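Here is a short tour of one protein, written for someone who likes to know the cut-offs behind each term. Have the viewer open and follow along.

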Amino acid sequence: MITISAGHFGKGTGANGFLDEGAENIRVTKRLGEILSSSKIPNKMIFDTVNKNKNNNVNWLVTQHNLTSGGIDVQIHFNSSAGSHSKGIGVEVLVYDDRTVSGAKAIAKAISDVSGLKNRGAKIRPDLGFLRMTRKPAYLIEVCFVNDSVDSAIYRRDFEKICQTIAKELAKLIGRSLTVAKPVEQPKEVVDVFKLSDTARNDCRE
C-alpha cells in the first residue's frame, strides 16, 4: 500500500509564489493515485477538507495515514524560501532518519534526471510532525520551490514526467513496477523558461 496525502488543506494554504502550493499538492497527489491505480498498485489518497489550521491539519493527516497498514507513507509539498528568484533551486525529499535516506535520494535524483530540476537530495527532518508521527516508512517530497520562476516553469512543463517518475520510484519502494500509464493532456501553451530573459522569468506567473 502506498498512502499519499496532499500537504496542507487546499488552495491558498501553504506557500505561494509562482505556484500555489495547496492547489499543486492536490494536483500531484491526484495524478499519482491515477498512475498507481492504472498499474493496479494499491494506494490511498488523502485530502484534508476538514481543518482550517496547521496543527489540526498535520494531526488529522497523520491519523488518516496511520489507519492504513503496510507499505509506505508519502506526503506531497512544494518548497519556498525568502524572496523571489529565477535561478533554479530544486527538488528535495525529507525523511525522519537514515533508514529511509536511500529511498529519498532515489526519488530526488529521479525527479531531477527527468526534469532538470536541481537535485537537493535527501534531508533528515525528525522535527516535522508528518515524519515523526507516522508509523510506516515516510517520505515528504518537496517537488520544487514555488518562489523560483525557473523551478515553477520546469514543473509546469514536465508535470506529467515528474508524476510518472515519482509514481515509479514509490512503486519500487514496495517492490512493484508500473505498466505504461496514459498521459494526461498538457496545456496548449508551455513557456520555455530557458529562452526567457531574467526579467521575463520574474514575470512568468500563473
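Which residues of α3 are buried? They are V101, G103, A104, I107, A108, A110, I111, S112 and S115, where buried means under 20% relative accessible area, exposed over 50% and partly exposed in between (1.4 Å probe, protein chains only). A helix here is a DSSP run of H or I with at least four residues, a strand is a run of E with at least two, and both are numbered from the N terminus.

Before going further, a word on the source: this is a predicted model, in which local features need pLDDT of at least 70 and side-chain atom pairs count only at pLDDT 80 or more, while totals for chains, interfaces and linings use all residues. Residues are numbered from 1 along each chain as its sequence is written, and side-chain values use heavy atoms, with hydrogens and water left out.

**Overall layout**

The protein has 7 helices and 6 strands, arranged along the sequence as β-α-β-α-β-β-α-β-α-β-α-α-α. Of its 206 residues, 51% count as buried. Taking a contact as heavy atoms within 4.5 Å, residues 24 or more positions apart account for 78% of the contacts with a separation of 6 or more.

**Two helices**

The expected span of a helix is 1.5 Å times one less than its number of residues.

| Helix | Residues | End-to-end C-alpha distance | Expected span |
|---|---|---|---|
| α1 | 18 residues | 26 Å | 26 Å |

The buried residues of α3 pack against β4, β5, β6, α5 and α6. Just after α3, G116 takes a positive phi of about 95 degrees. In α1, the buried residues include E21, E24, N25, V28 and L32, and β1, β2, β3, α5 and α6 are among the elements that cover the buried residues of this helix.

**The cores**

In soluble globular proteins, nonpolar side chains tend to be buried together. A nonpolar core is a set of buried Ala, Val, Leu, Ile, Met, Phe, Trp, Tyr and Cys residues joined through side-chain atoms within 4.5 Å. The largest one has 37 residues, and I76, F78, I141 and Y155 have the most contacts inside it. Its largest share, 7 residues, comes from α6. A second, separate core of 5 residues includes L94, L131, A138 and L140.

I76 touches residues including I4, G7, N25, I141 and V143, not counting those up to four places away in sequence. G7 sits in the loop between β1 and α1 and counts as buried because its relative accessibility is 1%. Beyond its neighbours within four places in sequence, G7 is in contact with N25, Q75, I76 and H77. G7 and D48 are 41 residues apart in sequence and 8.3 Å apart in space, C-alpha to C-alpha.

**The largest pocket**

On a 1 Å grid over the protein atoms alone, a pocket is an open set of points where a 1.4 Å probe fits, with protein on both sides within 12 Å along at least five of seven lines; lining residues have an atom within 4 Å of a point. The largest pocket holds about 480 Å³ of space. Of its 24 lining residues, K54, V58, H77, L128 and G129 lie nearest its centre. α2 gives the most to this lining, with 6 residues.

Technical notes:
Points joined across faces, edges and corners; volume = space filled by probe spheres on them.
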